[in-house]
Amino acid sequence: MTATKRVVCLLDDEFEDLELWYPVYRLREEGAEVLYAGPEKGRKHIGKYGVPAVADISYDELDADRFDGLLVPGGWAPDKIRRDARVLEFTRLMNDANKPIGQICHAGWVLISAKILEGRTVTSTPGIRDDMENAGSTWLDEAVVVDRNIVSARRPPDLPPYAKAFCDLLFGRR
């Protein structure tokens, strides 16, 4: 099967394992090519529960013209990822191009730092609700919220509807 869509998933240590792997496998089931991007190509990152993922490309290789969608897993990784100017610029370019951006749990921190939440409606883990609202968004306590190109979810129990909503948006079924 030839991949019809390319998605990049951001990596750093202490990502939430399920929030990375579940949507990645779901996208691959749909035929998408999913690459992991990290600070350094080839570096292994360990999730909160010990499951590793290796960066296929470095943040230096992020190019919004080469990808159809962006996934940001939760866990503690987003607090590290959000500090990288290359990631923030890439996230802004993906948003400006209206390409699907998926964020779950603490991943909202990356979108906050990219300054793309003003006027948007989103969800996240309740622990960063204030951060999301202070970034100018309207926060809802719902499993999944889709606002234009941003698909957001709260936590691992929301993964089935989150992954479905992201796939539907990416593949034009929404």
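1. The side chains of lysine 80 and glutamate 14 meet in a salt bridge, with 3.1 Å from N to O, in what is a predicted model. Lysine 80 lies in helix H2 (residues 77-81) and glutamate 14 in the loop between strand E1 (6-10) and helix H1 (17-29), so the pair ties together parts that are 66 residues apart in sequence. A salt bridge here is a side-chain nitrogen of Lys or Arg within 4 Å of a carboxyl oxygen of Asp or Glu; helices (H or I, at least four residues) and strands (E, at least two) are DSSP runs, numbered from the N terminus.

2. On the basis of the model, residues are numbered from 1 along each chain as its sequence is written. Because this is a predicted model, local features need pLDDT of at least 70 and side-chain atom pairs count only at pLDDT 80 or more, whereas totals for chains, interfaces and linings use all residues, and side-chain values use heavy atoms, with hydrogens and water left out.

3. A second pair joins arginine 86 and aspartate 60, whose side chains meet in a salt bridge at 2.8 Å, N to O. Arginine 86 belongs to helix H3 (residues 85-96) and aspartate 60 to the loop between strand E5 (57-58) and strand E6 (69-72), so this pair ties together parts that are 26 residues apart in sequence. Arginine 86 is partly exposed at 31%, while aspartate 60 is exposed at 59%.

4. Aspartate 158 forms a salt bridge with arginine 154, the closest N and O atoms being 2.9 Å apart, and here aspartate 158 is buried at 6% relative accessibility, as is arginine 154 at 15%. Elsewhere, salt bridges that share partners join Arg26, Glu29, Glu30, Lys164, Asp168 and Arg173 into one network. The whole structure holds 18 salt bridges.

5. Nine of the 12 residues of helix H6 (residues 159-170) are buried, so H6 is largely enclosed by the rest of the structure; among them are Tyr162, Phe166 and Asp168. These buried residues pack against E1, H1, E6, strand E7 (101-104), strand E10 (144-147) and strand E11 (150-153), contact meaning heavy atoms within 4.5 Å. Just after H6, glycine 172 takes a positive phi of about 70 degrees.

Notes: Buried means under 20% relative accessible area, exposed over 50%, partly exposed in between (1.4 Å probe, protein chains only). The expected span of a helix is 1.5 Å times one less than its number of residues.
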